[in-house]
Amino acid sequence: MSFEKRRAMALDYQPVTYPGSALRFRGPATDFARPHVLCIGGTETFGRFIPTPYPEQLAARLGRPVCNMGVAHAGLDVALGDPAILAAAETASAIVLQVPGAANMSNRYYCVHPRRNDRFVRADAILQTVYRDVDFTEFHFTRHLLSHLKALSPDRFAILRHELQLAWRGRMMRFLSEARVPVHLLWLSRREPGTAEPETGLGPEPLFVTRDLLMEVAKSAASLSIVTDPAPEPKSRLRGMFFAAREENAARMLPGPGAHAAACATLLKRMEAS
C-alpha cells in the first residue's frame, strides 16, 4: 500500500466517555480503580492524525494503564474543571500535563466555551472598552479573534497578552498545587520555548507561553520535558500521519510521530528519576 493511500485513511480513535463528562476522549477506556498514569493535554496529547500517540507508547513501555485525556484545543479550563479528568486525577499514580497555551481559557477579558476551549463565547466589558472599534459578534474562535486584535493594534494587544500570561501562570500554579501526585510537564510543540512571537500572526502553540513563564511554573512540577518538532522539510513532517486531503494543513501544524516517540522516551526518563 502506498504512502499516499495510507495518508487518506481515517484513524479509529476508539472514542470513549466517562461518567460526569460530556467530552469524548481517545480510547481505549481506562479503569480508574486501577493504578494508572493520567495524560492531560490538547490536540497533541489526543494524537490527532497519529496512530500511536505518546500516551499509548507510555502504556506499552510502563506495562500499566495510561489514560489519554487529551482534548482537541483544550486549555486549562478543561484540565481544572472537567469532572472525569478530576476523578481520574484522584486515583492516578502520576500525571503528565502537556503545557497548554494561554489563549484558550476564560479570563478577565473574554470567556471561552467550558468544553471547547477554542470557542470564543463573549467579550467582557474591559475588552470592549479597550477595543471599542471591534464588533465581537463576528468571532467564533479564539485564534481568529486574537489574530485580528493583534493586527489591529499591537500596543493594545500587549495589554491583553500580559493579562493572559498572568491568568495562565495563576491557573498552572493552582493545578500543580492541587495535584496529589507528581505532575510531569510536557512541552510538545513545533517551536522551542524561547522562540519569539512573530511580528504578524500568533505562531505555533502553546500561545504566549515564554521560556521564563515555563521555567517559573516548572519549579513546582516533578519534571519538565521539552520536545519540539520544527520539521523544516514539509513532506518529512507528514510521514506516518493519517489524514484526508482536506486535513493536510491541520496536520502540518502538529508534531509528527517522531515527536511522540521522543516524548515517550523523555517522559520515561523523567518518571524513573523522580
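Is Asp118 buried or exposed in this structure? Asp118 counts as buried, because its relative accessibility is 8% and buried means under 20% relative accessible area, exposed over 50% and partly exposed in between, as computed with a 1.4 Å probe on protein chains only. This is a predicted model, in which local features need pLDDT of at least 70 and side-chain atom pairs count only at pLDDT 80 or more, while totals for chains, interfaces and linings use all residues. Residues are numbered from 1 along each chain as its sequence is written, and side-chain values use heavy atoms, with hydrogens and water left out.

Asp118 is located in the loop between β4 (110-112) and β5 (120-123). Strands such as these are DSSP runs of E with at least two residues, whereas helices are runs of H or I with at least four residues, and both are numbered from the N terminus. When neighbours within four places in sequence are left aside, Asp118 is in contact (heavy atoms within 4.5 Å) with His73, Asn104, His140, Phe141 and Thr142.

Asn68 belongs to strand β2, which comprises residues 66-70. Its side chain takes part in polar contacts, a term for a pair of N or O atoms within 3.5 Å; within protein, one must be able to donate a hydrogen and the other to accept it, and residues adjacent in sequence count only if both atoms are side-chain atoms. A polar atom of the Asn68 side chain lies 3.0 Å from the backbone oxygen of Thr45, and a polar atom of that side chain lies 2.9 Å from the backbone nitrogen of Gly70. Beyond residues up to four places away in sequence, Asn68 touches Phe25, Arg26, Cys39, Thr45, Phe46, Pro53 and Pro55.

With a disulfide defined as a pair of cysteine sulfur atoms within 2.5 Å, the count comes to zero. Cys39 is in no disulfide, and the nearest cysteine sulfur, that of Cys67, is 8.1 Å away. Cys67 is likewise in no disulfide, its nearest cysteine sulfur being that of Cys39. Cys39 counts as buried at 0% relative accessibility, and Cys67 counts as buried at 0% as well.

Ala88, in helix α5 (residues 83-91), is buried with a relative accessible area of 0%. Residues up to four places away in sequence aside, Ala88 touches Phe32, His36, Leu38 and Met69.

The next topic is a pair of helices. Two packed helices are described by the angle between their axes and the distance between the axes. Helix α7 (residues 142-152) and helix α8 (residues 154-178) pack at about 135°, with their axes 6 Å apart; the axes are lines fitted to C-alpha atoms, for helices over the stretch in contact, and angles run from 0 to 180 degrees between N-to-C directions. The helices α7 and α8 are therefore oblique to each other, given that angles under 35 degrees count as roughly parallel, over 145 as roughly antiparallel, 65 to 115 as roughly perpendicular and the rest as oblique. In this contact, Leu146, Leu149, Lys150, Ala151 and Leu152 of α7 meet Pro154, Arg156, Phe157, Leu160, Arg161 and Leu164 of α8.

Helix α8 also contains Ile159, which is partly exposed, with a relative accessible area of 45%.
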